[in-house]
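Please look through the sequence and the model shown here before reading the notes that follow.

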Amino acid sequence: MILLTNISFIAKMKVRLTLSLLVMLYFMVPSVAMALSPEHKGAAMDNDTSVIAVIRNLITTNAGKKVFYYPKSLERFYNKSQFQPKWIKPDNDNKKTWEALLMLDCVLQFGLNHTDYHPKELLFTTMHDILENSLTVSASQKAWFDMLLSDALITFMNHLHFGKLNPVFTPAFVDKGEVAGFCAEDILADAMIQNDFISAVLNVQPKIKEYVLMQDYMKLLKGQYVGDCYEAPEGIVRKLAINMERLRWAAINEDSFIQINIPSYTLKLHVPDSTYKFKVVVGKPISPTPVLNSSISYFSTAPDWKVPAKIFVKEMLPRALKDPQYLENNHLAIYDGKGNFVVATKDSLMLVRKNPGKYFMRQSAGCDNALGLVVFRFQNPFSIYLHDTPEQQFFDREVRALSHGCIRVQYAEKLASILLTLDGQKNKIKLLHQAMGNYQPQNFNLRKSVPLIITYLTCEVGEIGVVEYDDIYKKDKALELAFYGGETSSPAKELDIKSINR
C-alpha cells in the first residue's frame with residue numbers, strides 16, 4: 001500500500017474551485033447588455049423557424065446518425081419539443097448554454113476526455129457568433145451546433161452515470177431508452193428548467209463515498225491546481241480516472257451495503273452513520289475473485305461445503321489416493337451423481353478418478369471446515385462465498401490473495417452479529433453464538449437483504465491523500481488503454497470485463 005500526494009482540507013479546496021469556476025463564467029458569459037439588440041430579434045425569430053426545419057429534417061432522415069453518439073436519445077429529446085432548438089434561443093436567457101459549454105470544457109475534472117464530446121465543433125467562439133452575430137450564421141450551422149451540444153450533454157451524463165466503457169450498459173443499449181430508472185435526455189430536459197442547471201446535471205454521478213472523494217480530488221488536480229500552476233502527476237490522474245470508471249459500473253445507490261474491495265483486501269459494511277471495516281482473503285491471481293453485484297439475504301452457521309469440481313479433481317482426490325485417512329481426518333465424503341455415499345477404498349477412488357464428472361465431494365460442519373463457522377449466502381454465477389475460515393493466521397499477512405476465488409472474512413461472527421443488529425434482530429445474537437459454538441447448522445434470514453458489491457479499486461482517497469494498492473490481477477493497463485488509447489502510464493495486464501456484472 002503506497003501513500004501519495006499529501007493533500008488535505010478537501011472541503012476548503014472545493015470552495016476555492018467553485019470560486020474559480022465563477023471567475024471563468026464571468027469572463028465567458030456575455031453580459032445582458034451584449035445580448036441581441038431589439039432590431040435584430042425579429043429577424044432572429046424568422047431564422048429560428050428555419051433552424052426548427054433543419055433539426056426536423058436531421059431527425060427524420062437520420063442524417064446525423066453516424067455523427068451523434070446517442071442518436072435515438074437525441075431523437076426523443078427533440079421530438080418532445082416539436083424540434084425546437086434547446087440552446088440557441090433569440091433572447092437574453094442563454095446562461096444555461098454557456099454553463100453547458102463550461103461543463104464540457106471541464107470534463108477532465110471528472111476523469112473523462114474532451115475528445116468524446118464534439119470539441120472541434122462546440123467552440124465558445126462559435127456560440128458567441130451565434131448569439132452576437134446571429135444573422136451571419138446559417139440555420140444549418142445553428143441546428144448542427146444545437147444538436148451536437150445536446151448530444152454531448154447526453155453523452156456526458158451517460159458517462160457520469162454508467163461509465164464510458166460499461167460492459168453491460170453499452171451506449172447502444174442505453175440509447176434504446178429501456179434502462180429502468182435512468183433516462184439522460186429526460187433528466188437533461190428537467191435540468192434545463194432548474195435554477196441550478198449544473199448541479200442538476202452532475203447529480204447523475206454515483207453517490208458512494210469513495211467516488212465522491214475521488215471526484216473532489218480530481219477537481220483539485222485538474223481544476224484548482226492547474227490554476228495554481230501545479231502540474232498533477234499524470235499517473236495519479238489516470239489511476240483516479242479508471243477507478244472512478246469502475247465505481248460507475250458498480251451502480252450502488254443504497255445507504256447501507258457491503259463493499260469488498262479486492263486490491264485492498266478489505267470488507268466495509270457501510271451504514272448511514274458509520275463504517276465497519278474487516279480484513280479479507282481473496283482469490284489468487286490464477287483463481288481471481290470476480291467483480292459483481294449481489295445481495296446477502298441470509299447466513300448459515302456450521303455449514304457443510306460442496307467442494308468445487310476443480311478443487312475436488314485436482315487437489316483433494318489426489319490427496320485421498322495418497323493418504324487413506326485424508327477424507328476422514330478432514331470430514332470429507334464422496335457421493336455419486338444420485339447422492340449415494342461412496343465408501344472410500346483404493347478401488348473406489350481409482351474408479352472415481354477415471355470418471356470424476358460423475359461424483360462430487362462435501363465437507364461436513366466442524367472447526368476445520370473450509371467455510372469456517374459461518375457462511376454468508378449471496379446469488380452469483382461463480383459459485384463463490386463470503387465465509388469464515390479456520391485459517392485465521394492468513395489475516396496477519398499484508399498480501400492476502402490466497403483463495404480459490406471465495407472471500408474469507410476475519411471476525412465473521414462479529415459481522416454476522418452486526419447484520420442481525422442492523423436488521424432489528426439483536427435478540428438472535430445469543431442464538432448465533434450458541435449455534436457457532438456447538439457447530440449446529442442453522443440459517444439466519446435477514447428481513448431486508450443487504451446489497452453487496454465486490455469492486456476492484458486500485459486506489460482511493462483518504463484524509464492524507466491518494467492511497468494506491470497493488471494491481472494484483474494486473475487489470476489496470478487494459479482499462480487505461482481502452483480509456484485513453486495510445487501509451488499507458490503504468491504496466492499491467494488485460495481487464496476481463498466479462499467478469500463484471502451489474
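N94 is found in the loop between α3 (71-79) and α4 (95-105), where helices (H or I, at least four residues) and strands (E, at least two) are DSSP runs, numbered from the N terminus. The model is a predicted one, in which local features need pLDDT of at least 70 and side-chain atom pairs count only at pLDDT 80 or more, while totals for chains, interfaces and linings use all residues. Residues are numbered from 1 along each chain as its sequence is written, and side-chain values use heavy atoms, with hydrogens and water left out.

**N94 and its surroundings**

- N94 is buried, with a relative accessible area of 8%; buried means under 20% relative accessible area, exposed means over 50%, and partly exposed lies in between (1.4 Å probe, protein chains only).
- If neighbours within four places in sequence are left aside, N94 is in contact with W87, K89 and L131, where contact means heavy atoms within 4.5 Å.

**Residues with a positive phi**

- Most residues other than glycine have a negative phi.
- H118, which is not a glycine, has a positive phi near 50°, and its place is in the loop between α4 and α5 (124-132).
- H118 counts as buried, because its relative accessibility is 6%.
- K474 is also not a glycine and has a positive phi of about 55°; K474 lies in the loop between β16 (465-468) and α17 (476-484).
- With a relative accessible area of 40%, K474 is partly exposed.

**An open sheet and the helix across it**

- Four strands form an open sheet in the order β6-β9-β7-β8, with antiparallel pairing; two strands pair if DSSP finds at least two bridges between them.
- The edges are taken by β6 (305-306) and β8 (341-342), each of which has a single partner strand, so one side of each is left without a neighbour in the sheet.
- β6 is joined by two bridges to strand β9 (residues 359-363), and these two strands run antiparallel; W305 stands opposite Q363 in β9.
- Helix α12 (residues 309-322) lies across β6, β7 (332-336) and β9, and runs at about 75° to β9; the axes are lines fitted to C-alpha atoms, for helices over the stretch in contact, and angles run from 0 to 180 degrees between N-to-C directions.

**R377 in strand β10**

- R377 has its place in strand β10 (residues 374-378), and R377 is buried, with a relative accessible area of 18%.
- Although R377 and I296 are 81 residues apart in sequence, they are 5.7 Å apart in space, C-alpha to C-alpha.
- Leaving aside neighbours within four places in sequence, the contacts of R377 include S295, I296, S297, Y298, F299 and Y385.

**Aromatic rings**

- A search of the whole structure finds 15 aromatic pairs; rings of Phe, Tyr and Trp (its six-membered ring) pair if their centres lie within 6.5 Å, and planes under 30 degrees apart count as stacked, over 60 as edge-to-face and the rest as tilted.
- The rings of F162 and F182 form an edge-to-face pair, because their planes are at 85°, and their centres are 5.1 Å apart.
- This pair links distant parts of the chain, with F162 in helix α6 (residues 139-162) and F182 in the loop between α7 (171-175) and α8 (184-191), 20 residues apart; F162 and F182 are both buried.
- Y335 and F360 form a stacked pair, with 5.4 Å from centre to centre and 20° between the planes; Y335 is in strand β7 and F360 in strand β9, 25 residues apart.
- Y335 counts as partly exposed, at 22% relative accessibility.
- Ring pairs also link F162, F169, F173 and F182 into a cluster.

**A lysine over two rings**

- K86 lies over the face of F77, at 4.7 Å from the ring centre, and over the face of Y78, at 5.9 Å from the ring centre.
- A charge sits over a ring if NZ of Lys or CZ of Arg is within 6 Å of the ring centre and within 35 degrees of the ring normal.

**The chain as a whole**

- The protein chain has 17 helices and 16 strands, and buried residues make up 50% of its 502 residues.
- Among contacts between residues at least 6 apart in sequence, 71% join residues at least 24 apart.
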